[in-house]
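The sequence and structure are shown first.

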Amino acid sequence: MVERPYTILSCGISLDGYLDAATPERLVLSNEADLDRVEEVRADCDAILVGAATVRNDNPRLLVRKAALRQLRRTRGQHETPMKVTVTERARLDPCSNFFVTGDSEKLVYCASRSVPIARARLGAVATVVDGGEPVDVPLLAEGLYDRGVRRLLVEGGGRVHTQFLTADLADELHLVMAPFFVGNSRAHRFVGDGAFPWNPGRRAPLAETRQIGDVVLLRYALSSRFAATT
Ligand SMILES: NC(=O)c1ccc[n+]([C@@H]2O[C@H](COP(=O)([O-])OP(=O)(O)OC[C@H]3O[C@@H](n4cnc5c(N)ncnc54)[C@H](OP(=O)(O)O)[C@@H]3O)[C@@H](O)[C@H]2O)c1
């Protein structure tokens, strides 16, 4: 049987379903209390994955900042920060971006075959570049992460990455945080793009939890039979 990590998809969206605002500035959808919650989810995972556009646009650190959570990870024999993983077709990534220069864990770049030489030249000093196929085959990526010891994976966007994990039925849980405002600009990125999703009008996703966190709301969906085993 093919093994893959237990996979949680996580993101914040506006009331009209956007991930960002189509502006160069990062859009703040979450609030402090929710960021604390996300930190706890991160601390429980072996790896965090984001798409290359998110690395470029948001320049995220993807760290566990709370000392108590880092200590907890150390006592479990883990790095303070989960492994960081990104996926790219063109390898247009800056080796000085926060993704690569922060955190004590390994960084992996799953790269489309044709861009592997350029990725190794550009990023080889700061990350392990893996040939992921043409384009990167996301189910194989998930298996590859499992083979590297990743048992719990947190996917933090953006939309292209979420779309592929959902349409390939690779997600066990979805954490959707809804912010109390509209973006109102169709040039912004939506939570997901077009695709054949396993969850549709004929097959509704089980809602496992709703939680108000200050002015945002967390919707937690159970997307596989593995969900029950973890709760
Ligand atoms: N609200 C939130 O919680 C949240 C979270 C994360 C991101 N965001 C926002 O989402 C926006 C980015 O979303 P997005 O959908 O444009 O991008 P994304 O999913 O972050 O990244 C897309 C990029 O990843 C690479 N990629 C994805 N799948 C691939 C595959 N199978 N093979 C090879 N490469 C692949 C390509 O990189 P290359 O272009 O390098 O070839 C592609 O352009 C950002 O503006 C960010 O602010 C919001």
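In which loop does A22 lie? A22 lies in the loop between β1 and α1 (32-43), where helices (H or I, at least four residues) and strands (E, at least two) are DSSP runs, numbered from the N terminus. The model is predicted, and local features need pLDDT of at least 70, side-chain atom pairs count only at pLDDT 80 or more, and totals for chains, interfaces and linings use all residues. Residues are numbered from 1 along each chain as its sequence is written, and side-chain values use heavy atoms, with hydrogens and water left out.

**Backbone geometry**

A22 is a residue other than glycine, yet its phi is positive, near 60°. With a relative accessible area of 29%, A22 is partly exposed; buried means under 20% relative accessible area, exposed over 50%, and partly exposed in between (1.4 Å probe, protein chains only). N59 is likewise not a glycine and has a positive phi of about 50°. N59 is placed in the loop between α2 and α3 (67-75), and its relative accessibility of 32% makes it partly exposed.

Two cis peptide bonds may be described next. One runs from E134 to P135, with omega near -5°, and P135 belongs to the loop between β5 (128-131) and α6 (138-147). Another runs from G157 to G158, with omega near 0°. G158 is found in the loop between β6 (152-155) and α7.

**Contacts across the sequence**

R4 sits in the segment before β1 and is buried, with a relative accessible area of 17%. Its side chain reaches the backbone oxygen of L170 at 3.1 Å, a polar contact (a pair of N or O atoms within 3.5 Å; within protein, one must be able to donate a hydrogen and the other to accept it, and residues adjacent in sequence count only if both atoms are side-chain atoms).

G195 occupies the loop between β7 (173-178) and β8 (207-213). It is partly exposed, at a relative accessible area of 48%. G195 and L166 are separated by 29 residues in sequence, while their C-alpha atoms are 9.0 Å apart in space.

**Cysteines and aromatic rings**

The structure holds 0 disulfides, a disulfide being a pair of cysteine sulfur atoms within 2.5 Å. C45 is in no disulfide, and the nearest cysteine sulfur, that of C11, is 15 Å away. C45 counts as buried because its relative accessibility is 0%. C96 is also in no disulfide; for C96 the nearest cysteine sulfur is that of C111, 18 Å away. At 60% relative accessibility, C96 counts as exposed.

How many aromatic pairs does a search of the whole structure find? The search finds 1 aromatic pair. F99 and F100 form this pair, which is edge-to-face, with 4.9 Å centre to centre and 75° between the planes. Rings of Phe, Tyr and Trp (its six-membered ring) pair if their centres lie within 6.5 Å; planes under 30 degrees apart count as stacked, over 60 as edge-to-face and the rest as tilted. F99 counts as buried at 0% relative accessibility, and F100 counts as buried at 3%.

**The ligand site**

The ligand is surrounded by 26 residues, of which the closest are D20, T54, D58, T88 and R90; a residue is near a molecule if one of its heavy atoms lies within 4 Å of it. β1 (6-13), α2 (52-58), β3 (83-88) and α7 (159-167) each supply at least two residues of this shell. The largest share, 6 residues, comes from α2. The shell divides into 9 nonpolar, 10 polar and 7 charged residues. In this division Ala, Val, Leu, Ile, Met, Phe, Trp, Tyr, Cys and Pro count as nonpolar, Asp, Glu, Lys and Arg as charged, and the others, Gly among them, as polar.

| Residue | Protein atom | Ligand atom | Distance |
|---|---|---|---|
| A52 | backbone N or O | oxygen | 3.3 Å |
| V161 | backbone N or O | oxygen | 3.1 Å |
| Q164 | side-chain N or O | nitrogen | 2.7 Å |

Taken alone, the ligand exposes 930 Å², and the protein buries 91% of that area. Accessible areas come from the Shrake-Rupley method with a 1.4 Å probe; for residues, only the protein chains shown count as cover.
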